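Please find below a colleague's note for a reader who is coming to this structure for the first time. The points are meant to be read with the model open alongside.

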Amino acid sequence: QVQLVESGGGLVQPGGSLRLSCAASGFNLDGHNIGWFRQAPGEGREGVACSGSTSDGSTVYADSVKGRFTISRDNAKNMVYLQMSSLKPEDTAVYYCAADRREFTSAVHTTPEEYDYWGQGTQVTVSS
């Protein structure tokens with residue numbers, strides 16, 4: 001069975017940093033698109049950072065987080081990370097990691113509809 005489990009969320013002050021982790025089991029992340037999405041109350045699920053089929057592939061960031069967030073993976077550990085810095089109150093949301101079942105795609109997948117496996121989410125709250 002495929003399972004993704006997020007961790008690392010919590011309460012942080014504006015300007016602070018946080019690192020989210022996603023542990024995958026049941027399949028190998030290497031060769032698959034991976035992504036981080038977030039959803040605030042009353043909002044749709046938004047792509048934050050998405051990475052191509054390998055760690056050397058293309059990476060796409062939402063304009064709102066570019067320069068502040070970094071997505072990375074450790075294939076040996078089957079882990080995905082989202083390093084967040086200079087956090088703002090508007091970053092407050094539930095963050096989800098996701099993976100695409102398709103292997104070695106020619107383009108980065110950036111929409112929720114293109115992803116098949118999802119974690120349960122972890123809450124990130126940015127407030128003074």
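The numbered points below go through the strands, the cores, the charged pairs and the aromatic rings.

1. The model is a predicted one, in which local features need pLDDT of at least 70 and side-chain atom pairs count only at pLDDT 80 or more, while totals for chains, interfaces and linings use all residues. Residues are numbered from 1 along each chain as its sequence is written, and side-chain values use heavy atoms, with hydrogens and water left out.

2. Seven of the eight residues of β4 are buried, so the strand is largely enclosed by the rest of the structure; here buried means under 20% relative accessible area, exposed means over 50%, and partly exposed lies in between, with a 1.4 Å probe and protein chains only.

3. Which strands pair with β4? Strand β9 (residues 93-103) runs antiparallel to β4 and is joined to it by seven bridges, pairing being assigned if DSSP finds at least two bridges between two strands. Within this pairing, Cys97 of β9 stands opposite Trp36. Strand β5 (residues 46-51) also pairs with β4 in the antiparallel sense, over five bridges, and Ser51 in β5 is the bridge partner of Ile34. The two strands β4 and β5 form a hairpin with six residues between them, and Gly42 in the turn has a positive phi of about 80°.

4. Strand β11 has a covered face, made of Thr122, Val124 and Val126, and an uncovered face, made of Gln123 and Thr125. Its pairing with strand β2 (residues 10-12) is parallel, over three bridges, and Gly10 stands opposite Val124 there. Its pairing with β9 is antiparallel, also over three bridges, with Gln123 as the bridge partner of Val94.

5. The largest nonpolar core has 26 residues, and Leu20, Trp36, Phe69, Leu82, Met84 and Tyr95 are those with the most contacts inside it. The elements giving two or more residues to this core are β3 (18-25), β4, β5, β7 (69-74), β8 (79-84), β9 and β11 (122-126). Apart from this core lies another, of five residues, among them Phe37, Cys50, Val108 and Tyr115. A nonpolar core is a set of buried Ala, Val, Leu, Ile, Met, Phe, Trp, Tyr and Cys residues joined through side-chain atoms within 4.5 Å.

6. His109 lies in the loop between β9 and β10 (117-118), and this residue is buried, with a relative accessible area of 10%. Leaving aside neighbours within four places in sequence, His109 is in contact (heavy atoms within 4.5 Å) with Asn33, Cys50, Asp100, Arg102, Glu114 and Tyr115.

7. How many salt bridges does a search of the whole structure find? There are five, a salt bridge being a side-chain nitrogen of Lys or Arg within 4 Å of a carboxyl oxygen of Asp or Glu. One of them joins Arg68 to Asp91, with the closest N and O atoms 2.8 Å apart. Arg68 lies in the loop between β6 (59-61) and β7, and Asp91 in the loop between β8 and β9, so the pair ties together parts that are 23 residues apart in sequence. Arg68 counts as buried at 12% relative accessibility, and Asp91 is buried at 1%. Arg38, Glu46, Arg68 and Asp91 are linked in a network of salt bridges.

8. Another salt bridge joins the side chains of Arg102 and Asp100, at 3.1 Å from N to O. Arg102 counts as partly exposed at 36% relative accessibility, whereas Asp100 counts as buried at 0%.

9. The search for aromatic pairs finds four in the whole structure; rings of Phe, Tyr and Trp (its six-membered ring) pair if their centres lie within 6.5 Å, and planes under 30 degrees apart count as stacked, over 60 as edge-to-face and the rest as tilted. The rings of Phe37 and Tyr115 have their centres 5.3 Å apart and their planes at 70°, so this pair is edge-to-face. Phe37 is in strand β4 and Tyr115 in the loop between β9 and β10, 78 residues apart. Phe37, Tyr115 and Trp118 form one aromatic cluster.

Methods:
Helix = DSSP H or I, 4+ residues; strand = E, 2+ residues; numbered from the N terminus.
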